[in-house]
Every structure is written in structure tokens, then in C-alpha cells.
Amino acid sequence: MSGVIGVDEVGRGCWAGPLLIVAARATSSKLPAGLKDSKTLSKQQRGRLFEHIKGSCELGEGWVQSEEIDKYGLAQAMRLGVSRALIALRVAFSDEIIMDGKINYCPVEFTRVRVVVKADALHPIVSAASIYAKVLRDEYMGRIAKFYPGYQFEKHVGYGTKLHADMLRRYGVSRIHRRSYKPIKALLV
């Protein structure tokens, strides 16, 4: 199916856990009402929209694990995640892509890419990718929290909050922390 592809990420600035890039393509002429930047919605609103998004979009996921982010750096990890998401969605080189942000992380073969600051607030298909990514990654961090009791990943989902910093001081750096990130690197010295 052709149509505009929306691309957004979640977890770029996290201290722990994966980065997730999602590419979305509408499969019906009507996307759910209320789509906007996932950060402006409550958890309950995102959860309701998530189900509608699954029913009205094809979705490609590009997961990049902490070890890959440490190995390749964030910019290359973004490129890797975008490539994985576009491949998963079976995007054609001729498809139009709208990507949230300031930098084009698409492979050069994709020639119809628009990079738009705040695209997740301006383009519903990018909002759909944003919401789907946020819900999926937050759920993942909730599941992973069971393997790392004490870190409370289900609450801060890997972001650099005071709670997360307190748990790091108490328990040290875990296997899913991004060791190349400055706050984590400082604890390893």
C-alpha cells in the first residue's frame, strides 16, 4: 500500500533500555481522532489511541539495544533503527516519508524524505508513530523491570530522572544501561 510514511523515535535520551524507531503507514482513510505528540498525552490517552492505531496503520519497528548504541554511537544507532523500521514496513524507495526531528536518518536511497521539527504534533501519521513507539517502549521497560528489581524502570522507563539517579547510586550500573552516556560513564570510573 502506498501513502505517506510517518517516522518517530522514543528513548533517544534515555540512560537505559533500547531506542525504538517506528514507521507508520495509514491503512484506512481515517486515522483516529486525537492524534498528537505522545509527550502531550496521558498514559491512558496513549493506551486508548494505541489500539486504534494498530487497527488503522501498518507499523514497522526498529529496535536498537543499549549495547548497539554504545558500540555505534547515537547518530548511527538512529540510522540503524530507522533502517530496521523502514525494512519492517516494506517501504519503497519512492514512498514519501515525514520524519520528526532536525536530521534525516533515512538511508540515502530514500529520496522523498521531509524532516520536520515537531512533526509528531503537526502530522497525524507521525503522531501515530510517536504514540505507538511510546506505548510499546514503556511496556517493554515495565516488563524488563521485573528482571532488575529495585531500579524501578516501570516508573522512569530509563529516562534521567532523580529517581533513576538515586537507584543508580544505590544499585550501580545494570546490563541495560548505556555505558557511553555521560551520567552512566561517570559511575563506571
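Which residue in S4 does Gly 6 stand opposite?

Modeller: Gly 6 stands opposite Ile 98 in S4. Bear in mind that this is a predicted model. Three bridges join S1 to strand S4, residues 97-100. That pair runs parallel. S1 also pairs with strand S2, residues 19-26. Here the strands run antiparallel, and six bridges join them. One of the contacts can be named: Asp 8 has Val 22 as its bridge partner in S2.

Now the cover. Ile 5, Val 7 and Glu 9 point one way from the strand. Gly 6, Asp 8 and Val 10 point the other way. Both sets are buried.

Next, a charged side chain. Arg 178 sits in the loop between helix H7 (162-171) and helix H8 (182-188). Its side chain reaches the backbone oxygen of Gly 11 at 2.9 Å. Arg 178 is buried, yet it has no salt bridge. The nearest side chain of opposite charge is that of Asp 70, 6.5 Å away. A salt bridge would need to fall within 4 Å.

Cys 14 is buried, with a relative accessible area of 0%. Cys 57 is in no disulfide. Its nearest cysteine sulfur, that of Cys 106, is 17 Å away. Cys 57 also counts as buried, at 7% relative accessibility. Across the whole structure, a search finds zero disulfides.

How values were computed: Residues are numbered from 1 along each chain as its sequence is written. This is a predicted model: local features need pLDDT of at least 70, side-chain atom pairs count only at pLDDT 80 or more; totals for chains, interfaces and linings use all residues. Side-chain values use heavy atoms; hydrogens and water are left out. Helices (H or I, at least four residues) and strands (E, at least two) are DSSP runs, numbered from the N terminus. Buried means under 20% relative accessible area, exposed over 50%, partly exposed in between (1.4 Å probe, protein chains only). Lys and Arg count as positive and Asp and Glu as negative; His and the chain ends are not counted. A polar contact is a pair of N or O atoms within 3.5 Å; within protein, one must be able to donate a hydrogen and the other to accept it, and residues adjacent in sequence count only if both atoms are side-chain atoms. A disulfide is a pair of cysteine sulfur atoms within 2.5 Å. Two strands pair if DSSP finds at least two bridges between them.
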